[in-house]
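Please read the following walk through the model with the coordinates open beside the text. The paragraphs move from the surface to the strands, and then to the charged side chains.

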Amino acid sequence: MKKSKKCLVIYNPKSGKGLKADKVKEYKQIFEDKGFEAEFYATKRKNDATEATYKAKGFDIVFAIGGDGTLNEVVKGNFDRKEKMTICPIPNGTCNDVASMLGFGSDPKENIAMALEGKEKSYDIGTINGTPFVYVVGMGKFMNIPYDTKNEEKKKMGYFAYLKDGVIEFTEKLKRYKAEVTLDGEKLEDYYSLIMVSNANHIAGINKFHKEVVLNDGKFEVLLCKASKKRHLILNFLKFLLGRKNKLISTTASEIKIKLSAKPDKKWCIDGEKFEDDGKVYNIKVAQQMKFLTPKETANSKLFK
């Protein structure tokens with residue numbers, strides 16, 4: 001890793017089970033032991049990490065300690081910078097899909113040490129109606145769970161809070177939306193109960209959600225579900241995850257355009273957070289690449305070309 005020894009470390013003190021001052025001191029020591037100078041910044045409000053990343057000066061690397069929402073904010077701040085920083089997610093949230101996918105484990109101290117000895121790899125960053133996202137956007141059945149699950153329950157129950165709300169969501173009526181979906185110019189028109197666009201093989205805590213993902217190939221994975229009954233949706237998802245024949249539409253595309261006949265009842269999900277755009281037309285595309293700092297083993301894996 002041929003970068004300067006000065007890092008910006010942005011952390012969300014309320015993400016997951018929180019991050020206390022004594023832990024911050026421990027983490028600073030790891031950077032010092034590795035010969036790096038780290039400046040820590042605790043976020044105070046929503047989108048604070050975005051602003052801090054955008055305004056940062058004198059850093060080549062920015063670490064995002066938190067969940068996927070914290071990482072999303074850092075990426076948004078980096079997106080509009082003229083001089084991009086290398087990004088490294090360190091998991092400390094309820095759900096850490098991107099960090100888990102990149103090979104980071106449950107011990108933050110080990111993760112920081114691995115990262116500082118890691119490699120940089122390019123990662124495709126997308127936009128939905130101009131708003132950057134890291135790894136997933138979607139609408140329809142179950143896509144509201146990440147942002148609807150209460151923070152208090154996440155702190156008490158962790159990942160199980162999502163599972164609990166998933167069971168509740170399952171009891172609710174399944175709604176389908178008439179939509180025109182255009183994938184790199186090819187149009188599909190039907191009624192869909194779920195639409196998901198992603199650049200990840202680890203989604204909603206499920207490893208190898210997609211089996212053959214390349215994070216810097218200029219393509220996103222697209223998943224469309226037309227099921228009209230909840231049991232059919234669940235059955236087809238299970239078959240999909242097990243690699244068996246199913247009725248889901250699974251493909252890849254660089255540019256996806258979605259036109260809904262009516263506004264969805266619930267907001268789109270963007271990297272686990274609520275997307276406030278409530279229109280009927282959504283343009284999703286691979287917009288640019290950013291450098292991500294990953295463990296050496298992951299950098300040399302099939303996740304990157």
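Patches are made of residues with over 30% relative accessible area and no salt bridge, where like charges are joined within 9 Å and nonpolar side chains (Val, Leu, Ile, Met, Phe, Trp, Tyr) within 5 Å; the accessible areas come from the Shrake-Rupley method with a 1.4 Å probe, and for residues only the protein chains shown count as cover. A salt bridge, in turn, is a side-chain nitrogen of Lys or Arg within 4 Å of a carboxyl oxygen of Asp or Glu. This is a predicted model, in which local features need pLDDT of at least 70 and side-chain atom pairs count only at pLDDT 80 or more, while totals for chains, interfaces and linings use all residues. Residues are numbered from 1 along each chain as its sequence is written, and side-chain values use heavy atoms, with hydrogens and water left out.

On these terms, Ile-234, Leu-238 and Leu-242 make a nonpolar surface patch of about 280 Å². Leu-238 belongs to helix α9, residues 230-241, where helices (H or I, at least four residues) and strands (E, at least two) are DSSP runs numbered from the N terminus. Leu-238 has a relative accessible area of 47% and is therefore partly exposed, given that buried means under 20% relative accessible area, exposed over 50%, and partly exposed in between (1.4 Å probe, protein chains only).

The strands come next. Six of them form an open sheet in the order β14-β13-β10-β7-β16-β17, with antiparallel pairing, and two strands count as paired if DSSP finds at least two bridges between them. The edges are β14 (249-253) and β17 (273-275), each of which pairs on one side only. From one strand to the next the twist averages 20 degrees, with axes taken as lines fitted to C-alpha atoms (for helices over the stretch in contact) and angles running from 0 to 180 degrees between N-to-C directions.

Strand β13, residues 220-225, runs antiparallel to β14 and is joined to β14 by five bridges; Glu-221 has Thr-252 in β14 as its bridge partner. Which residues does Leu-224 touch, not counting residues up to four places away in sequence? With contact meaning heavy atoms within 4.5 Å, they are Val-181, Leu-188, Tyr-192, Leu-194, Ile-195, Leu-248 and Ile-249. Leu-224 lies in strand β13, and at 1% relative accessibility it counts as buried.

Most residues other than glycine have a negative phi. Another exception is Ala-204, with a positive phi of about 55 degrees, in the loop between β11 (202-203) and β12 (206-207). Asn-47 likewise has a positive phi, near 70 degrees, and is found in the loop between β2 and α2.

In helix α2 itself (residues 48-55), Asp-48, Ala-49, Thr-50, Ala-52 and Thr-53 are buried. The buried residues of this helix pack against β1 (6-11), β2 (37-42), β3 (61-66) and α3 (68-79). Asp-48 is also linked with Arg-45, Glu-51 and Lys-55 in a network of salt bridges.

Across the whole structure, a search finds twelve salt bridges. One of them joins Glu-26 to Lys-109, with the closest N and O atoms 3.3 Å apart; because Glu-26 lies in helix α1 (residues 21-33) and Lys-109 in helix α5 (residues 108-116), the pair ties together parts that are 83 residues apart in sequence. The side chains of Asp-190 and Lys-226 meet in a salt bridge at 3.4 Å, N to O. Asp-190 lies in strand β9 and Lys-226 in the loop between β13 and α9, so this pair ties together parts that are 36 residues apart in sequence. Glu-276 forms a salt bridge with Lys-267, the closest N and O atoms being 3.8 Å apart; Glu-276 is exposed, with a relative accessible area of 54%, whereas Lys-267 counts as partly exposed at 26%.
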